[in-house]
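Have the sequence and the 3D view ready.

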Amino acid sequence: MISLRNVQTTDLEQLLFIENEGFSIEEAATKEAFVERIQLIADTFIVAEKEGEILGYINGPIINQPYITDDLFEEIKKNPKRGGYQSILGLAVSKQARNQGIAKILIDKMEELVEENEREGITLTCKQELVSFYEKFGFVSHGMSESKHGGVSWYNLVKLRKGKN
């Protein structure tokens, strides 16, 4: 049985391991970035676990615009209670837990939070090879991002809250 919960400081080492499995050194969040996210945005940092082992996570701050900018990877602020866009700075599933629908479970949980907190929608950036993966979940590609994070090309994907067009 997979359970979802908010991140805790004791999760740090497992999170870093999964992050480094899923992203290159240039793209991966640093330990310092994770510590900051755990402290400031635990309300939008969700962990999927089974029998005490973290299988994956999703995280990101609430932002005022529909697209992610590179400065978010450097500094984030506490989330407002209502409104804004839910950004996804990180979505990763451990290698041994992939292809089990965990990413979908995590995205669905973020969508619930978007509804509950009257957010505009969810925004993320991904590499070209993942665009179709996110489109399966209802995200719409808005083309190339201005982001140069990790020295690669990213695409803006947005999924507006139900009832928002």
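Let's start with an open sheet whose four strands come in the order β1-β2-β3-β6, with antiparallel pairing. Strands here are DSSP runs of E with at least two residues, helices are runs of H or I with at least four, and both are numbered from the N terminus. Two strands pair if DSSP finds at least two bridges between them. β1 (3-6) and β6 (90-93) are at the edges with a single partner strand each, so one side of each has no neighbour in the sheet. On average, neighbouring strands of this sheet are turned by 25° against each other, ignoring direction.

This is a predicted model, so a note on the ground rules: local features need pLDDT of at least 70 and side-chain atom pairs count only at pLDDT 80 or more, while totals for chains, interfaces and linings use all residues. Residues are numbered from 1 along each chain as its sequence is written, and side-chain values use heavy atoms, leaving out hydrogens and water.

Inside that sheet, β2 and strand β3 (residues 53-59) run antiparallel and are joined by six bridges. Phe45 stands opposite Asn59 in β3.

There's also an open sheet of five strands, in the order β4-β5-β7-β9-β8, and its pairing is mixed. Its edge strands, β4 (62-63) and β8 (140-144), each pair on one side only. β4 pairs with strand β5 (residues 85-88) in the antiparallel sense, over two bridges. Ile62 has Gln86 in β5 as its bridge partner.

Now for the helices on the sheets. Contact means heavy atoms within 4.5 Å. Axes are lines fitted to C-alpha atoms (for helices, over the stretch in contact), and angles run from 0 to 180 degrees between N-to-C directions.

| Helix | Strands touched or crossed | Angle |
|---|---|---|
| α3 (residues 102-116) | β5, β7 (121-126), β9 (155-160) | about 140° with β7 |

Helix α1 (residues 12-22) meets helix α2 (residues 31-40) at an angle of about 125°, and their axes are 11 Å apart. That makes α1 oblique to α2 (under 35 degrees is roughly parallel, over 145 roughly antiparallel, 65 to 115 roughly perpendicular, and the rest oblique). Which residues of α1 and α2 meet? Leu12, Glu13, Leu15, Leu16 and Glu19 in α1 touch Lys31, Phe34, Val35 and Ile38 in α2.

Finally, the whole structure has six aromatic pairs. One of them is tilted, because the rings of Phe34 and Phe45 have centres 5.9 Å apart and planes at 45°. (Rings of Phe, Tyr and Trp, using its six-membered ring, pair with centres within 6.5 Å; planes under 30 degrees apart are stacked, over 60 edge-to-face, and the rest tilted.) This pair links distant parts of the chain, with Phe34 in helix α2 and Phe45 in strand β2 (residues 45-50), 11 residues apart.
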